[in-house]
Amino acid sequence: MHIIVLGGGPGGHAAAFEAARLGADVTLVERDRLGGTCLNWGCIPTKTILRSAHIVADTRNARKFGLNAAVASVDVEALRARKEGVVDELVGQVEGTARRLKVRVVEGEGVLADPRSVRVTRADGGVETVTGDAVILATGSVVFKLPSIDHEMPGVWTSDDAVSLVDIPKDIVIIGGGVIGLEFACAYAAFGSRVAVVELMEQVLPGNDRRVVKQTQASLEAMGVEFYLGDAVERVERAGERMSSTLRSGTTLESDVVMSAVGRVPNSAGFGFEEAGIELDRRAVKVDADFRTSVEGVYAVGDLIGGMMLAHVAEEEGVIAARNAVAELSTVGAEAQLESVRYDCIPACVYTFPNVAVVGSSRDAAKERGIDAVQAVAKFAANGKALGEGEAEGFVQVVAEKGSGRIIGCQIVGPHAVETIHEVALAMREDLTVLEVAEMVHAHPTVSEVIKMACRDAAGKCGC
Ligand SMILES: Cc1cc2nc3c(=O)[nH]c(=O)nc-3n(C[C@H](O)[C@H](O)[C@H](O)COP(=O)(O)OP(=O)(O)OC[C@H]3O[C@@H](n4cnc5c(N)ncnc54)[C@H](O)[C@@H]3O)c2cc1C
């Protein structure tokens, strides 16, 4: 059994490794470095940069902690070297796993030649056609570029430029108040840049719960970030070394850099997908719940299929698609047992200061789904660990079904939220109630005690 995987990001390499573990021969085609957007341009570079930004922010507050420390300044070259070190280490580990599992990695750009073959133009210029029994497509996503802005103009950045760390701008206009825009706003504000965020919608983090949005915006404003909400950058011009952004409202913002962070789109064009008969929904490859495309034997996962465009989602989809491909190829004369992904308990995180982490639905979203839900909020301001750490901003908000106490969702803004959310995600996956989480003994002092408090309050409101 030979499975070909196109794209070596978290979706693709997870699929390749799972297929190999299940006994398939695997060829993984990657045109750049293994690890994809996540390791090379996204999750890991940004979190490495944010760690340095957090140290700067802490140093600025040193007096509050009873310390005399000079305000940290940024050594961009050293910052870049550290980021590259972390990325190289992780890419090396993925390469090592590929070798250990005997996954053949072909370096080059692949095109789906037919539903069982990928034609690769290798990095060395040679062309090779790899033929297998099934193909898993995992070509990820690319930066969406606003047509009104000339992205070739010096001073116009995307997240790819920002993580390349050429410079820390004196001032920056960020177009887009979503996850990527806010993480960079937070990092640059901590580094001392003057930051303005322009967002088309009337709120940052569109689609998120109101309390989450309000707290996040307030925390970033306290760091000096300015917001222009319900507005849009209509024109960007360069005058000498400076950029000038004209907003729809008529406001003009001057800056060193304008960064576009308006989202990403599935990377589906130019690789022979449509020619092979694969159906798209706008730019996303259409799949069923088992990650099968409209063409038999061809599966697709990750950012390429749209939905929750997150690394851990891509990874999980890759694992499940590989299992399904192996199951379909090895089941003869019966229907293969296929798996799907439970999206309702996958966390989504924003690594601003403080962190944001959500799982499941807000109360409003639960109402829209016809669920009679209660909501309970506990604040970090009453938590010993958070106060001791000097990070007592924020809250845990738990949403549970009235009567049963089943957890429908949780929204956390506060310290270590990106870690503590998993307690609730696991509880949701295992169908635990708010009472069961509240009855679990939480170590003291921990910020997780706030989850326990919110769950206890929710249990009372649920009547369970
Ligand atoms: C700035 C930024 C920060 C982010 N932060 C987070 C975060 O904190 N947490 C999180 O969960 N997600 C984050 N993401 C999103 C995350 O990076 C993506 O969801 C994830 O990488 C998607 O994985 P994927 O495998 O589907 O695609 P990708 O990671 O994009 O991988 C696709 C791979 O396919 C290769 N490829 C494409 N076409 C071809 C071809 N024709 N032939 C050969 N190879 C090809 C590409 O080179 C690439 O390596 C972030 C993204 C960005 C941009």
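Trainee: How many of the six residues of strand E10 are buried?
Mentor: Keep in mind that this is a predicted model. Strand E10 runs over residues 194-199 and is mostly covered. A residue counts as buried here if 20 or more other C-beta atoms lie within 10 Å of its own. In E10, the number of buried residues is five.

Trainee: Which residue of E10 is the bridge partner of isoleucine 172?
Mentor: Start with strand E9, residues 171-175, which pairs with E10 in the parallel sense over five bridges. Along that pairing, isoleucine 174 stands opposite valine 197. For isoleucine 172, the bridge partner in E10 is valine 195.

Trainee: And what stands opposite valine 198 in E11?
Mentor: Now we look at another neighbour of E10. Strand E11, residues 226-229, pairs with E10 in the parallel sense over four bridges. Opposite valine 198 you'll find tyrosine 228.

Trainee: Which helix makes a β-α-β unit with E10 and E11?
Mentor: Let's take the units one by one. E9, helix H6 (residues 179-191) and E10 make a right-handed β-α-β unit. E10 and E11 also belong to a right-handed unit, and its helix, residues 210-222, is H7.

Trainee: Which strands stand at the edges of the sheet?
Mentor: The sheet is open, has five strands and shows parallel pairing. Its order is E8-E15-E9-E10-E11. Each edge strand has a single partner strand, so one side of it is left without a neighbour in the sheet. Those edge strands are E8 (156-157) and E11.

Trainee: What is the radius of gyration of the whole protein?
Mentor: The protein has 13 helices and 24 strands. For its 464 residues the globule rule gives 23 Å, and the model comes close to that, so it is as compact as a globular protein of that length. Its radius of gyration is 24 Å.

Trainee: What percentage of the contacts join residues at least 24 apart?
Mentor: For some background, buried residues make up 47% of the 464 residues. The contacts in question are those between residues at least 6 apart in sequence. Among them, the share joining residues at least 24 apart is 65%.

Trainee: How many charged residues are in the shell around the ligand?
Mentor: The ligand is surrounded by 36 residues, and the closest include Gly7 and Gly302. Among the elements giving two or more residues to this shell are helix H1 (10-21) and strand E2 (25-30). The shell has 14 nonpolar and 17 polar residues, and the charged ones number five.

Methods:
Residues numbered from 1 in each chain as written. Predicted model: local features only at pLDDT ≥ 70, side-chain atom pairs only at ≥ 80, totals over all residues. Buried ≥ 20, exposed ≤ 12 C-beta atoms within 10 Å, placed from the backbone. Pairing = 2+ DSSP bridges. Right-handed = clockwise from strand over helix to strand, strands pointing away. Rg over C-alpha atoms; globule rule 2.2 N^0.38 Å. Contact = placed C-beta atoms within 7 Å. Near = placed C-beta within 6 Å. Nonpolar A, V, L, I, M, F, W, Y, C, P; charged D, E, K, R; others polar.
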